[in-house]
Amino acid sequence: MGTNTTVNYEVERKRYYKVLIGLLVLTALTFVQPFIFQAGTFTAQMLIAVIKAWLILMYYMHLKGEKLIGSMTLFAMSLVLVFFIIVVAVDVTHFQFADESYITSAPHAN
């Protein structure tokens, strides 16, 4: 059972270079973003990380044509996100050291 497909390596090479440039731009954006927009930094950083992970999965791990693996990846990422939000929400509501933390405590006047 053989498949009779031909691959145009020039097109594939250009596609990989485009993905590489996209990943480099997103990496640069990861470093520059906190200086440009202070509000929503965590959300923006997570969005950039998800986009980069998706590009790596689809192109460099050759999962672009796999429908089942793509949907399983989305499901797994959604599951991890839900658990992450639950853990962070529980941690924030039960934070014991709010008075001792330099982030959450009131500023001290010297």
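Reply: Helices (H or I, at least four residues) and strands (E, at least two) are DSSP runs, numbered from the N terminus. By that rule, the elements here run α-α-α from the N terminus on, with 3 helices and 0 strands in the protein. This is a predicted model, where local features need pLDDT of at least 70, side-chain atom pairs count only at pLDDT 80 or more, and totals for chains, interfaces and linings use all residues. Residues are numbered from 1 along each chain as its sequence is written, and side-chain values use heavy atoms, with hydrogens and water left out.

Me: What makes Gln33 count as buried or exposed?

Reply: Buried means under 20% relative accessible area, exposed over 50%, and partly exposed in between (1.4 Å probe, protein chains only). Gln33 has 5% relative accessibility, so Gln33 counts as buried. Gln33 lies in helix α1, residues 9-36. Across the 110 residues of the protein, buried ones make up 13%.

Me: What joins the side chains of Gln33 and Gln45, and why does it get that name?

Reply: The name is polar contact: a pair of N or O atoms within 3.5 Å; within protein, one must be able to donate a hydrogen and the other to accept it, and residues adjacent in sequence count only if both atoms are side-chain atoms. The two side chains have such a contact at 2.8 Å. Gln45 sits in helix α2, residues 41-60. A polar atom of the Gln45 side chain also lies 3.0 Å from the backbone oxygen of Thr30.

Me: Which residues does Gln45 touch, and how do you know that they count?

Reply: Contact means heavy atoms within 4.5 Å. Not counting residues up to four places away in sequence, Gln45 touches Thr30, Gln33 and Pro34. Thr41, also found in helix α2, is in contact with Gln33 and Pro34 when its neighbours within four places are left aside.

Me: Why is the pair of Phe42 and Phe84 called stacked?

Reply: Rings of Phe, Tyr and Trp (its six-membered ring) pair if their centres lie within 6.5 Å; planes under 30 degrees apart count as stacked, over 60 as edge-to-face and the rest as tilted. The structure holds 2 aromatic pairs. In the one formed by Phe42 and Phe84, the centres are 6.1 Å apart and the planes 20 degrees, giving a stacked pair. Phe42 lies in helix α2 and Phe84 in helix α3, so the pair ties together parts that are 42 residues apart in sequence.

Me: How exposed are Phe42 and Phe84?

Reply: Phe42, at 52% relative accessibility, counts as exposed. Phe84 has a relative accessible area of 37%, so Phe84 is partly exposed.

Me: What makes up the lining of the largest pocket, by class?

Reply: Ala, Val, Leu, Ile, Met, Phe, Trp, Tyr, Cys and Pro count as nonpolar, Asp, Glu, Lys and Arg as charged, and the others, Gly among them, as polar. On that basis the lining has 10 nonpolar, 2 polar and no charged residues. Among the lining residues are Phe42, Thr43, Ser78 and Phe84. Helix α3 gives the most, with 7 residues.

Me: And what makes that a pocket?

Reply: On a 1 Å grid over the protein atoms alone, a cavity is a set of points where a 1.4 Å probe fits but cannot get out, while a pocket is an open set with protein on both sides within 12 Å along at least five of seven lines; lining residues have an atom within 4 Å of a point.
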